[in-house]
Amino acid sequence: MMEWLLPIQNLLGPAWLPVWTVVKIMVIVGPLMGAVAYLTLAERKVIGWMQIRIGPNRVGPLGLLQPIADGVKLLMKEIIIPSGSNKFLFIIAPIMALMPALAAWAVVPFNAELVLADVNAGLLYILAMTSLGVYGVIIAGWASNSKYAFLGALRSAAQIVSYEIAMGFALVTVLMAAQSLNLGEIVRGQQGSYGMLNWYIIPLFPMFLVYLISGVAETNRAPFDVAEGESEIVAGFHVEYSGMAFALFFLGEYANMILVAFLTSIMFMGGWLSPVPFLPDSIVWMFAKVAFVLFLFLWFRATFPRYRYDQLMRLGWKVFIPITIVWVVVVGGWMQTPYWLW
Amino acid sequence: MSFFDVVFYLFASITVMAGMGVVVARNPVHAALFLVLAFCSAAGVWMLLEAEFLAITLVLVYVGAVMVLFLFVVMMLDINLVKLREGFWRWFPFGALLAGLMVFEMIWVLGSRQVADVSTTVVRAADYSNTKELGRLIYTDYVYPFEIAAVILLVAMVAAIALTLRRRPGVKSQNIAEQVKAKKADRLRIVSMPSEPKVSSK
């Protein structure tokens with residue numbers, strides 16, 4: 001498959017592996033950043049149409065150059081560092097927010113062959129990386145030395161830690177069904193002759209809902225965006241950030257959104273598998289499913305009012321965690337019976 | 001020195017320096033963040049030993065959850081550093097004695113012949129799953145200790161909640177279930193009122 005690369009491989013010798021890995025990383029991160037940029041445009045357009053507006057349509061044809069204009073604007077802006085802030089932590093916080101959002105992509109399979117690192121503990125790795133994302137928020141809130149930022153950080157920390165538990169239990173049912181932590185194996189476990197009836201969304205439907213809603217909460221998206229809460233605490237943890245430092249938080253949030261969309265389609269909707277038996281499996285299905293989940297994210301934002309903080313905590317601890325624990329037991333019992341068909 | 005050694009010494013030195021940072025840092029938030037760094041680099045060392053389940057779980061549980069709550073608390077505390085530093089020199093000899101004792105014990109244990117024998121790492125096949133092996137051991141050979149430990153943790157958790165749980169009469173907290181159950185009919189009464197008769201202007 002990669003014969004044409006052999007001369008370069010011989011030329012570089014032992015330096016080949018790191019160089020080739022960096023190339024592969026660029027191939028994933030580059031389009032990801034492009035997807036993030038155009039997701040912001042899609043968000044503004046979709047929400048605009050839902051609210052019977054036009055959305056951005058001035059920069060370029062149909063407003064297609066809007067994200068580039070936004071990016072250039074953010075790059076040109078000054079990064080203001082508040083004099084009362086802790087400078088080192090203030091600068092490192094946006095990096096801490098973006099780093100895990102990108103690192104998690106290492107184990108995401110795009111189709112049967114296309115994966116950067118096919119590790120056995122892929123699911124655990126993803127959970128660990130996404131749980132690191134909260135540090136960017138906490139450090140930003142604390143280092144800004146501002147009341148609003150600090151309140152946003154505390155809200156976000158409590159929210160992410162709470163919803164992570166429900167998310168983890170939902171994933172436990174997936175790995176019980178797939179009997180593997182490898183994301184590629186999880187998709188292959190959903191392969192069968194009945195198309196979408198073989199997907200885990202059928203036996204694990206409650207877990208699909210819990211995972212999707214927890215995913216919205218984990219990425220601090222509306223209706224769970226109490227960490228930002230414009231009407232209550234201005235903009236929450238990133239209120240003191242400007243220019244590219246702010247843009248990094250933004251990139252991290254959207255990269256996380258796309259990651260959650262990928263994970264939802266890998267674990268519940270059969271990844272690259274075709275929904276109907278007569279069409280071939282392809283990476284196109286993967287992107288279609290991801291686009292659908294991302295559309296749900298935008299739809300939620302256009303539809304639901306923000307959750308009140310105590311109700312958000314109640315939903316996490318008193319509704320989702322009991323449901324997931326019960327469903328772990330149900331799936332465990334179900335798998336011992338002959339009626340487990342997946 | 002092989003690549004393996006270079007990576008090991010890198011992670012090990014970061015772990016040691018972060019550990020020093022936890023003790024030395026003046027600001028408690030910085031100390032907590034140093035501890036996070038120490039956990040991460042310790043996870044790196046475990047990863048080198050092909051204990052990927054333990055390494056990732058260390059990051060997931062300690063860094064992703066425990067330390068977040070730690071930071072949460074430390075950030076909200078109003079710690080008086082001057083008061084904390086009081087009596088440093090009075091306790092210094094005692095602390096130095098303890099530290100010396102621990103160094104002696106470490107040298108004793110790590111320098112013994114039994115430990116030296118297992119210092120060579122066993123290289124496993126690529127399809128060897130650390131997670132599966134751990135699960136198998138925990139739920140077969142060590143199932144009773146494992147379950148007992150789990151029950152003890154559960155009891156501790158219930159006890160901690162029971163200690164802080166107290167019922168105060170007259171608290172005006174919201175009953176969310178009741179709020180969610182509220183229907184339009186409970187709160188809204190639509191009254192049909194006939195419009196006022198037209199006043200003829202004269």
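## Two packed helices in chain A

Axes here are lines fitted to C-alpha atoms, over the stretch in contact, and angles run from 0 to 180 degrees between N-to-C directions. This is a predicted model. In it, helix 6 (residues 147–178) of chain A packs with helix 8 (residues 205–218) of chain A. Their axes are 9 Å apart, at an angle of about 150°. Angles over 145 degrees count as roughly antiparallel. Helix 6 of chain A and helix 8 of chain A are therefore roughly antiparallel to each other. The crossing of helix 6 of chain A with helix 8 of chain A is left-handed.

Which residues meet? Helix 6 of chain A brings A:Q159, A:I160, A:Y163, A:E164, A:A166, A:M167, A:A170 and A:T173. Helix 8 of chain A brings A:M207, A:V210, A:Y211, A:S214, A:A217 and A:E218. By class, the residues of this contact are 9 nonpolar, 3 polar and 2 charged.

## The nonpolar core

The largest nonpolar core has 119 residues. Those with the most contacts inside it are A:L124, A:I138, A:A153, A:I258 and B:F39. Helix 6 of chain A gives the largest share of this core, 17 residues.

A:L124 has partners in both chains. Leaving aside neighbours within four places in sequence, A:L124 is in contact with A:L181, B:F53, B:I56 and B:L60.

## Where the chains touch

In chain B, 17 residues are in contact with 19 residues of chain A. Helix 3 (residues 52–76) of chain B supplies the largest share of chain B's side, 13 residues. The side of chain B that touches chain A divides into 13 nonpolar, 3 polar and 1 charged residues.

Key: Residues are numbered from 1 along each chain as its sequence is written. Chains are lettered from A and ligands numbered from 1 in the order in which they are written. This is a predicted model: local features need pLDDT of at least 70, side-chain atom pairs count only at pLDDT 80 or more; totals for chains, interfaces and linings use all residues. Two residues are in contact if their C-beta atoms, placed from the backbone, lie within 7 Å. Helices (H or I, at least four residues) and strands (E, at least two) are DSSP runs, numbered from the N terminus. Ala, Val, Leu, Ile, Met, Phe, Trp, Tyr, Cys and Pro count as nonpolar, Asp, Glu, Lys and Arg as charged, and the others, Gly among them, as polar. Angles under 35 degrees count as roughly parallel, over 145 as roughly antiparallel, 65 to 115 as roughly perpendicular and the rest as oblique. A crossing is left-handed if the near helix is turned anticlockwise from the far one by less than a right angle, and right-handed if clockwise. A nonpolar core is a set of buried Ala, Val, Leu, Ile, Met, Phe, Trp, Tyr and Cys residues joined through C-beta atoms within 7 Å. A residue is buried if 20 or more other C-beta atoms lie within 10 Å of its own, exposed if 12 or fewer, and partly exposed in between; C-beta atoms are placed from the backbone.
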